[in-house]
Each structure stands twice: as structure tokens, then as C-alpha cells.
Amino acid sequence: RRKQKIMKTRSRTVKPVYVPPTRFDRVLDLVALFLIVLLWVLAICFFIDAPDVIPTRFDAAGHPTEWGSPAIYLLIPVFGSIYGFIMIAVASITQFVSISDVLKEKTVIAESALKKRCSRWLNIMGQLMSLFLLLVLVYIQHESLRMNISFIVTGIFGYIALMLGVIIYYTIRISRLKNLK
């Protein structure tokens, strides 16, 4: 009996509502858009200035073992743009964000706003990671014989830690809203 009662309460979900963006949300969207444009401008500039072949694979010591086309510079903004537009869609339709599984009626607006804010921050962080990877490629092209792989690894792990921190922060804020009676 008790199990059926729990299942009934979980099946009653509240749909996220439209929450208009605040000024700060608009600023976050503009920052993400600026980073996408910057990513494309830099990638095109680096592609134009690149030699016919650039290092594409390295051994454990960081020395180039294979060489390839500089068209790889253009792949990073493509993936960054795809990620950015997906995150814009996620910010627009909060049903895509599953930080919490059931929204409460009295906190649905606050929870939806937090979900949207979280996706906006993740969009900016994704664009910054794309920019970091593009700059790493340029660094590798010009300094391939003196490459410092620890800098790259530290940057990637720092990015992952920062992204997890943002997700945990917003998850805790949303869960605190759920505990309100």
C-alpha cells in the first residue's frame, strides 16, 4: 500500500513554466554568443596562417608523430557552435534539464529559473573550453618541440572540476527549494 502511494505522488509532475530571462541571463547569453563569434574569428585566422601540415598526434613525451591538415582548426568552432545552440535550446526548454526529476507547484518558477541559469553558465564554460582547445592547437603548432603537456592536462581537469562545481552548486540550490514546505 505504501509503495503505491509513493508511486502516485511521483507520477504527478509539474511542467516547467516560462520564466522570462533577467538582465543577467541576457548578459550570460551575450557572453556565450560573443565567445562563439570569437572562436570562429580566431579559428579562421589560425587556419589562414597555418602551414600546409600541422602536428596532429604526439607520443608520450609530447613529440609529434603524425601530421595533418590545418582544417582541424575549423572543427573546434563547429563543435563549439553545436554545443552552444544545444545549450541555448536547453535554456529555452527546461524539460531537457534533469537536475531534479519532479518540480513542486509552489517552487516551479524558481526551479525553472535555476535550471536555465545553470545551462547558461554551462554554455559559457563549454565555449571557454572550445577556445582553450583552439589555443592549445595553435600552441602545439608553434611550440611542438617544446610542448608542456602538463599545462594542457591541468587545463582540461580544471575545466571538468569547474563544470562539476557549477552543476553541484545548482543541484544543491534546486534541492533546497524542494525541501521548502
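Rings of Phe, Tyr and Trp (its six-membered ring) are taken to pair if their centres lie within 6.5 Å, with planes under 30 degrees apart counted as stacked, over 60 as edge-to-face and the rest as tilted. The model is predicted, so local features need pLDDT of at least 70 and side-chain atom pairs count only at pLDDT 80 or more, while totals for chains, interfaces and linings use all residues. Residues are numbered from 1 along each chain as its sequence is written, and side-chain values use heavy atoms, with hydrogens and water left out.

**View 1. Aromatic pairs of the chain.** By this rule there are three aromatic pairs. Phe24 and Trp121 form a tilted one, at 6.0 Å centre to centre and 50° between the planes. This pair links distant parts of the chain, as Phe24 lies in helix α2 and Trp121 in helix α4 (residues 108–143), 97 residues apart; helices (H or I, at least four residues) and strands (E, at least two) are DSSP runs, numbered from the N terminus. Phe24 is partly exposed at 39% relative accessible area, and Trp121 is partly exposed at 30%, where buried means under 20% relative accessible area, exposed over 50% and partly exposed in between (1.4 Å probe, protein chains only).

**View 2. The pair of Tyr169 and Tyr170.** The ring centres of Tyr169 and Tyr170 are 5.0 Å apart and their planes stand at 85°, so the pair is edge-to-face. Tyr169 is partly exposed at 44% relative accessibility, whereas Tyr170 is buried at 6%.

**View 3. A nonpolar surface patch.** Trp40, Ile44, Phe47, Ile48, Leu75, Val78, Phe79, Ile82 and Ile86 make a nonpolar surface patch of about 820 Å². Patches are made of residues with over 30% relative accessible area and no salt bridge, like charges being joined within 9 Å and nonpolar side chains (Val, Leu, Ile, Met, Phe, Trp, Tyr) within 5 Å; a salt bridge is a side-chain nitrogen of Lys or Arg within 4 Å of a carboxyl oxygen of Asp or Glu, and accessible areas come from the Shrake-Rupley method with a 1.4 Å probe, only the protein chains shown counting as cover for residues. Helices α2 (23–49) and α3 (72–92) each supply at least two residues of the patch, and α3 gives the most, with five. Ile44 lies in helix α2 and, at 39% relative accessibility, counts as partly exposed.

**View 4. Helix α3.** The 21 residues of α3 reach 31 Å from the first C-alpha to the last, close to the 30 Å expected at 1.5 Å a residue. Buried residues of α3 include Tyr73, Ile76, Pro77, Gly80 and Met87.

Technical notes. The expected span of a helix is 1.5 Å times one less than its number of residues.
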